[in-house]
Amino acid sequence: MSGAPPLKSLLQEHWELAQTLRHLQIHFDAERCKGVGQCYEVCPVGCWAPDPARQKVVFHDGERCIACGACVLQCPEDAIVLE
Amino acid sequence: MATAFMKWLERRPALYDRGIRWLTFFRLATLQRGIAEQYATPGVHALEIGCGTGALTAEMAQRGAEVVAIDFAASMLAQAEIRLAHEGLLAHVSLKLMDATEITDLTDDAPFDLIVSSLAFSEMTPPAQAYILRACRGLLAPEGRVVILDESTPSNPVSRFVIGLIRLPLRFLTWVLTRATTQPLSNFPQLKTGAGYDLVSVQSSLGGALKVWVIRPAARGAGGDRAVILGRLQDKVTLRTRLIDLWALFLRIIPPYPKIQPGLYTVGEPDGNAPLLVTGNFELTVRRLVHAIDGKLDAWVLVADSAGINVWCAAGGGFLTAEKIIGALHMSGADSILNHRAMILPELCANGVDGWKIRRETGWGVHWGPIKAKDIPAYLREGRKKTDAMRWVSFPLKDRLEMVTVTLGFYGLLLLVPIAIFWRGIFFPAAASLLGVSYFYAVFMPWIPGRDGLAKAVPLSVITLLGLSAYTLVVDPVSPYAFFKRALGILAMSIFTSAELQGMSPLMRGEQANWVWEGVIAGILGLISWLVPSVLGWR
């Protein structure tokens with residue numbers, strides 16, 4: 001049977017989690033956006049705004065992003081990446 | 001720290017294996033072998049629900065059965081894969097990561113001559129058990145059998161007591177590994193009849209604590225009414241709710257989380273056109289939802305299994321998923337009583353619940369409701385329209401005070417108990433500083449400059465150091481060395497508080513982002529506490 005994971009890998013995992021959490025940023029591909037607006041529906045901190053005239057959304061406030069990932073999961077066009 | 005310990009345990013399904021073997025006095029393996037010998041004859045096409053670490057899977061594959069084995073815990077499946085690869089049986093087994101409530105997706109693999117399940121049904125709620133047994137009927141070949149090996153309740157009171165004691169560590173292990181709690185299958189006779197099965201045989205072991213039931217579909221079919229309504233939820237304050245509130249105020253982070261049975265409930269007197277609201281099964285969540293809507297509207301409430309965790313954290317941690325909600329919907333039979341196909345999900349579970357998967361697989365419309373339950377009546381009145389105020393999280397003073405108390409309950413235990421034991425002299429100053437710094441921070445958080453907890457640690461430290469200096473000068477003058485020690489203590493506490501309490505705010509990222517820096521800063525402070533007195537000759 002496999003033993004316990006070495007402490008090192010556990011520390012490494014936390015290090016990576018911490019780094020990821022600190023540095024995650026939204027990358028928005030406006031080309032792909034069809035203005036479905038699910039991101040606006042689910043963003044709890046108001047990073048997105050609908051732009052009905054252009055049938056798109058606008059990503060306007062990355063500073064507020066808490067990297068929860070809701071917009072990424074709910075975008076049907078895969079136009080949003082968090083990395 | 002507690003998280004790290006849990007993570008460590010979670011990586012050890014081998015422990016679970018050994019634990020179970022031990023706690024069943026090695027009877028489990030014998031019973032599993034017996035099932036395999038009798039039913040897993042060469043060429044038999046079998047489905048195993050909840051294969052765990054693959055003990056029964058291997059027994060069956062060894063005897064020539066072709067097995068589809070499913071489990072919802074990835075760590076367990078990984079262990080099963082290791083075992084099966086080790087025994088050279090992987091070619092005969094198809095391992096799938098899925099919840100048992102999704103087995104209707106297995107129609108491509110059906111029909112099965114045999115469906116087995118070992119110690120998995122006792123981890124499910126009664127509606128899930130009934131739903132899955134019904135679903136198995138559709139997956140079985142004409143002469144197929146369902147064999148269930150699980151815990152039962154011994155009829156003899158002495159055995160019952162002994163078995164109860166033995167089950168405690170087993171339940172803990174299961175909880176750590178899968179976040180599921182187990183309940184013996186005491187009502188299996190009624191369960192199988194309701195789901196449309198006849199008993200073929202039953203075998204009893206360990207004084208009735210373990211049983212093997214063999215059942216086959218009955219000609220009469222399953223019982224009629226598919227909708228299972230678990231009851232009416234009312235906004236009531238009782239001694240029990242008060243006790244839960246008290247526990248949740250201080251020790252919410254520490255399991256067992258108060259939870260309610262997942263399933264379909266009513267609020268008020270809903271008809272087929274009333275809205276369907278979905279939520280997780282954290283007791284406090286459900287109660288706050290009911291408090292917000294009871295008396296204001298009639299609704300159906302579908303409680304999905306979120307492992308007793310609030311919806312946001314559960315969705316973020318993978319405990320509340322589209323699969324769980326699809327499962328809850330299927331089990332409830334809600335489609336047989338509702339005229340519409342629209343469910344309202346809390347906006348805050350959108351970080352982990354794939355709305356498109358629910359739409360695709362159930363045909364139901366998914367609508368993201370408001371953040372706060374109190375906005376639901378207005379949201380529904382406006383025809384499911386959210387204002388921005390309903391859409392965005394806020395962190396008002398009341399919530400900040402609640403959350404800081406919740407966090408302090410845990411950290412207070414973690415820090416103050418060891419101090420009380422090993423360092424009694426500083427207990428009162430340490431406790432007073434921890435409370436003072438934490439509540440000060442919670443109250444003034446919005447006005448303390450800084451984007452995140454680490455950045456806010458700088459102004460917070462300046463404020464607390466100024467406070468400490470004033471206190472030392474005016475109230476309690478001490479030697480420079482004593483002041484140095486106090487200052488270092490309050491500095492460490494300010495940084496820790498600010499960095500860790502980041503996690504309580506919905507407006508900042510998880511506090512795990514700070515852990516590396518907290519470690520580095522602790523190291524530097526440690527070094528200072530050791531170097532400075534030596535250099536200045538304070539020792």
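Trainee: What should I know before reading any values?

Mentor: The model is predicted, so local features need pLDDT of at least 70 and side-chain atom pairs count only at pLDDT 80 or more, while totals for chains, interfaces and linings use all residues. Residues are numbered from 1 along each chain as its sequence is written, chains are lettered from A and ligands numbered from 1 in the order in which they are written, and side-chain values use heavy atoms, with hydrogens and water left out.

Trainee: How many helices and strands are in chain B?

Mentor: Helices (H or I, at least four residues) and strands (E, at least two) are DSSP runs, numbered from the N terminus. Chain B has 20 helices and 13 strands. Its C-alpha atoms fill a box of roughly 90 × 60 × 45 Å along the principal axes.

Trainee: What share of the residues of chain B count as buried?

Mentor: Buried means under 20% relative accessible area, exposed over 50%, and partly exposed in between, with a 1.4 Å probe and protein chains only. Of the 539 residues of chain B, 51% count as buried. Contact means heavy atoms within 4.5 Å. In chain B, residues 24 or more positions apart account for 71% of the contacts with a separation of 6 or more.

Trainee: Is B:I293 buried or exposed?

Mentor: B:I293 counts as buried, at 0% relative accessibility. Its place is in helix α10 (residues 283–293) of chain B. Leaving aside neighbours within four places in sequence, B:I293 is in contact with B:V267, B:L277, B:A299, B:V301, B:I376 and B:P377. B:S498, in helix α19 (residues 480–501) of chain B, is also at 0% relative accessibility and counts as buried. With the neighbours within four places set aside, the contacts of B:S498 are B:Y441, B:G453, B:K456, B:A457 and B:L460.

Trainee: What is the area buried between chain B and chain A?

Mentor: The size of an interface is often given as the accessible area lost when the parts come together. Buried area here is the accessible area (1.4 Å probe) that two parts lose on being put together, summed over both. Between chain B and chain A the value is about 3,200 Å², of which carbon and sulfur atoms give 55%. The contact takes 41 residues from chain B and 37 residues from chain A.

Trainee: How many salt bridges does the rule find across the interface?

Mentor: A salt bridge is a side-chain nitrogen of Lys or Arg within 4 Å of a carboxyl oxygen of Asp or Glu. The rule finds 3 salt bridges across the interface of chain B and chain A. In a salt bridge, the side chains of A:E63 and B:R451 meet at 4.0 Å, N to O.

Trainee: Which residues of α13(B) are buried?

Mentor: In α13(B), B:G355, B:K357, B:I358, B:R359 and B:T362 are buried. The buried residues of this helix pack against α2 (38–42) and α3 (70–74) of chain A, together with α12 (322–332), β12 (342–345) and β13 (365–368) of chain B. Just after α13(B), B:G363 takes a positive phi of about 75°.

Trainee: Where does A:G46 lie?

Mentor: A:G46 is in the loop between α2 and β2 (48–51) of chain A, and is buried, with a relative accessible area of 3%. Apart from neighbours within four places in sequence, A:G46 is in contact with A:H60, A:D61, A:R64 and B:W392.

Trainee: How many disulfides does a search of the whole structure find?

Mentor: A disulfide is a covalent bond between the sulfur atoms of two cysteines. The cut-off is a pair of cysteine sulfur atoms within 2.5 Å. The search finds 0 disulfides over all chains. For A:C43, the nearest cysteine sulfur is that of A:C47, 4.1 Å away. A:C43 is buried, with a relative accessible area of 7%.
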